[in-house]
Amino acid sequence: MKAHKNYIDGKWVSSSSGQAFESLNPATESVIGKFQKSNKEDVKKAVAAADKAFHNWRDTPAPARAKYLWKIKDLLIENKEKLARLEVQEMGKVITEARGDVQEAIDIFEYMAGEGRRLFGHTTKSELRDKFAMSVRNPVGVVGLITPWNFPIAIPAWKLAPALICGNTIVFKPSSDTPLCAVELIKIIEKAGVPRGVVNLVTGSGNDVGAEIVENPKIYGVSFTGSKETGENILKSAGVKKVGLELGGKNVIIVMDDANLELAVSGVVWGAFGTTGQRCTATSRVVVHKKVKKKFESMLLNRVKKLKLGPGETSDIGPLINKSAVEKSARYSEIGKAEGAKLLCGGKPVKINGRGYFFQPTIFTDCKPDMKICREEIFGPILAIIETKNFDEAVKIANGVEYGLSSSIYTENMNFAFRAINELETGLTYINSSTIGSEVHLPFGGVKGTGNGAREAGILGIEEFSEIKTVYFDYSGKLQKAQIDNE
Ligand code: UN1
């Protein structure tokens with residue numbers, strides 16, 4: 001099997017390491033491709049190419065840059081089914097969700113192409129006569145994008161599209177669990193005619209490729225989605241680079257006693273077990289009012305029993321991404337039991353036809369908010385149910401974790417709904433809908449331990465990839481001193 005190559009300066013090239021790594025199909029454990037195990041030298045070459053391409057790309061008018069994004073969007077539409085099927089094979093998600101993942105990429109390229117005719121700055125009045133004041137938006141420079149495997153097309157697209165429209169050039173390191181999806185995405189960018197050096201792909205480990213991206217002095221911005229631990233390490237070594245972090249979650253659904261329980265159960269099943277629980281936004285806690293807890297649990301169990309586990313082409317729940325993810329879910333299932341939580345269903349790894357990284361949908365109840373399974377991100381199909389006596393206590397439990405990405409409340413009481421919007425400490429709050437399902441024209445991101453304030457997508461998605469230049473234009477023909485020559 002020949003190894004797929006890196007894409008540097010418009011050419012597909014091998015790593016100077018001469019080494020390769022494999023990507024596996026998590027449902028069958030078979031190898032689906034080999035990839036360059038790149039080193040720091042490869043990153044330096046990619047940075048040099050991006051640096052060389054920068055001035056021309058930055059000076060290309062933004063509406064002209066937008067035409068490339070539009071073309072990428074068209075090619076993604078043309079290749080949607082092919083890419084979705086590839087995602088099923090390489091990442092394991094079920095086919096309907098894989099189509100959604102590619103659709104999210106289509107949407108963000110379409111949206112950010114429109115930014116080519118906005119990229120707004122501000123104008124305002126000067127405090128002095130005959131002086132003009134404004135701010136304009138410039139690119140950051142060469143930026144590094146480090147992406148996870150759970151949305152192998154959509155998350156790279158969330159970063160590539162705004163980075164490109166703002167005029168940055170790019171060194172992109174995808175997750176080593178989904179490099180083939182990244183290679184196919186780059187082929188589309190190549191086919192769209194994006195000039196050489198503007199986007200460069202380097203596959204390999206975080207320790208070699210990721211670390212050099214974060215430390216390289218010619219890279220001025222780093223955008224990372226992944227674990228809190230890695231995010232914190234990036235911040236430590238990135239120095240004064242502009243860093244955007246999108247980290248973990250411990251997302252909650254509150255179910256009040258007046259909730260439409262049918263709807264709430266649907267939202268919990270989708271949030272907890274969609275993508276096999278492998279979304280930053282996945283529902284991992286339910287805080288349910290004691291009056292409806294029993295009924296909610298039996299309705300939930302009925303629904304979960306019907307879910308079909310198996311390869312993503314034919315199932316409701318696909319595999320976890322790899323062996324260590326299975327070990328992690330198994331470990332947390334044991335921790336839950338040891339902490340005294342009651343196991344309602346699941347808790348075990350499963351093989352299908354003797355293969356695959358499957359794990360049963362798992363529900364614990366009678367959990368206490370301070371248990372590990374209620375505080376730590378598991379990134380698997382494990383849900384913890386906590387009972388509450390009222391709204392105030394529910395909010396306190398919801399907020400009692402280090403993360404703050406997504407939250408949701410099911411209630412028919414609009415006072416509770418508005419109080420939830422105001423009081424839940426998360427970047428996203430859903431009313432009568434699950435914790436997952438953000439749309440690309442609204443900002444996405446979290447508070448507290450989930451990130452460092454960056455927002456992706458939406459109108460704020462360009463902030464991470466642009467710098468503001470403030471301009472004063474004095475046409476008085478004399479020296480005017482701000483703060484001193486005021487009238
Ligand atoms: C993620 O898991 O990092 O809202 C992103 C959602 C998706 C994006 C998830 N649109 O669940």
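Predicted model: local features only at pLDDT ≥ 70, side-chain atom pairs only at ≥ 80, totals over all residues.

Author: Let us begin with the largest nonpolar core, which has 63 residues. Of these, Ile72, Leu76, Ile108, Phe109, Leu164, Ile170 and Val199 touch the most other members. A nonpolar core is a set of buried Ala, Val, Leu, Ile, Met, Phe, Trp, Tyr and Cys residues joined through side-chain atoms within 4.5 Å. Buried means under 20% relative accessible area, exposed over 50%, and partly exposed in between (1.4 Å probe, protein chains only).

Reader: Which helix gives the most to this core?

Author: Helix α4 (residues 95–115) does, with 10 residues. Helices (H or I, at least four residues) and strands (E, at least two) are DSSP runs, numbered from the N terminus. The core lies between domain 1 (3–247 + 451–471) and domain 2 (251–431), because both give residues to it. The domain bounds come from an automatic or database domain assignment.

Reader: How should I read a ligand site, and which residues surround the ligand?

Author: One starts with the shell. In general, nonpolar side chains tend to be buried together in soluble globular proteins. Here the shell around the ligand divides into 6 nonpolar, 4 polar and 2 charged residues. Ala, Val, Leu, Ile, Met, Phe, Trp, Tyr, Cys and Pro count as nonpolar, Asp, Glu, Lys and Arg as charged, and the others, Gly among them, as polar. The surrounding residues include Glu104, Phe151, Trp158, Arg279, Cys280, Ser438 and Phe444. Domains 1 and 2 both give residues to this shell, so the ligand lies between them.

Reader: Which polar atoms lie at 2.8 Å from an oxygen atom of the ligand?

Author: A polar side-chain atom of Arg279 lies at that distance, as does a backbone N or O atom of Cys280. For Ser438, a polar backbone atom is 2.7 Å from a ligand oxygen atom. The protein covers 99% of the 320 Å² of accessible area that the ligand has on its own; such areas come from the Shrake-Rupley method with a 1.4 Å probe, and for residues only the protein chains shown count as cover.

Reader: Is Ser466 buried or exposed?

Author: Ser466, in strand β24 (residues 466–474), is buried, with a relative accessible area of 3%.

How values were computed: Residues numbered from 1 in each chain as written. Heavy atoms only, no water. Near = heavy atom within 4 Å. Polar contact = N/O pair within 3.5 Å; in protein donor to acceptor, adjacent residues only side chain to side chain.
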